[in-house]
Amino acid sequence: MSAEATTDERASILLVDDMEDNLIALEAVLGSLNEPLVRARSGEEAMKALLRQQFALVLLDVRMPGMDGFETAANIKRLDQTKDVPIIFLTGAEDDSGYAFRGYATGAADYLTKPFDPWVLRAKVSVFLDLHRKNQQLERLLAQQQADEGEVSMRLAKLEEQLTGENPPDLLTLRAQVRELRQLVSGRRDN
């Protein structure tokens with residue numbers, strides 16, 4: 001998708017790290033994507049942010065004081081409104097190799113060690129942003145389809161009522177109504 005995404009296509013990214021330098025580095029790497037970047041300095045702050053707004057993706061540090069990344073991820077995946085938000089874990093290279101397994105087991109979509117390659121991180125984030133936009137597009141199409149189906153049902157019920165009434169419509173009126181219904185149905189299929 002182009003960098004000039006429309007306002008409702010913009011996808012916020014939640015950056016969760018207790019270290020200011022790491023947040024600055026993430027902002028520098030991801031700033032060129034032209035998407036809103038929201039900071040959280042703890043798992044608790046991250047949860048509050050996730051409850052306030054929708055995010056396309058969470059970049060989550062594993063080691064933080066208080067609620068660590070694993071606990072934060074478990075809480076994210078536990079809530080209905082946030083369970084589908086993908087999480088990319090970020091951790092130091094010296095961390096235990098079991099962290100990656102634990103991260104995936106907690107629901108992470110990906111796992112990167114620091115220092116990370118900025119190009120790789122930007123590419124991975126771009127893929128998740130595209131997936132987020134495609135999901136939004138599918139939701140809009142589904143809503144439109146449901147609205148169209150409701151319109152067709154309403155018109156069919158009205159037509160049936162006219163046909164069973166005391167004064168059924170003349171043949172020309174009936175043909176026009178059927179033609180309108182056919183256009184509505186075929187127009188929905190063309191979208």
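## How H1 meets H5

A crossing counts as left-handed if the near helix is turned anticlockwise from the far one by less than a right angle, and as right-handed if clockwise. By that rule, H1 passes H5 in a right-handed crossing. Helices here (H or I, at least four residues) and strands (E, at least two) are DSSP runs, numbered from the N terminus.

This is a predicted model, with local features needing pLDDT of at least 70 and side-chain atom pairs counting only at pLDDT 80 or more, while totals for chains, interfaces and linings use all residues. Residues are numbered from 1 along each chain as its sequence is written, and side-chain values use heavy atoms, leaving out hydrogens and water.

The axes of H1 (residues 20-30) and H5 (residues 118-164) come within 9 Å and cross at roughly 70°. Axes are lines fitted to C-alpha atoms, for helices over the stretch in contact, with angles from 0 to 180 degrees between N-to-C directions. H1 and H5 are therefore roughly perpendicular to each other (65 to 115 degrees; under 35 is roughly parallel, over 145 roughly antiparallel, the rest oblique). Leu 26, Val 29 and Leu 30 of H1 touch Pro 118, Leu 121, Arg 122 and Val 125 of H5 (contact: heavy atoms within 4.5 Å).

## The sheet

Next, the strands. There are 5 in an open, parallel-paired sheet, ordered S2-S1-S3-S4-S5; pairing takes at least two DSSP bridges between two strands. S2 (37-40) and S5 (110-114) stand at the edges with a single partner strand each, so one side of each lacks a neighbour in the sheet.

S4 (residues 87-92) pairs with S5 over 5 bridges in the parallel sense.
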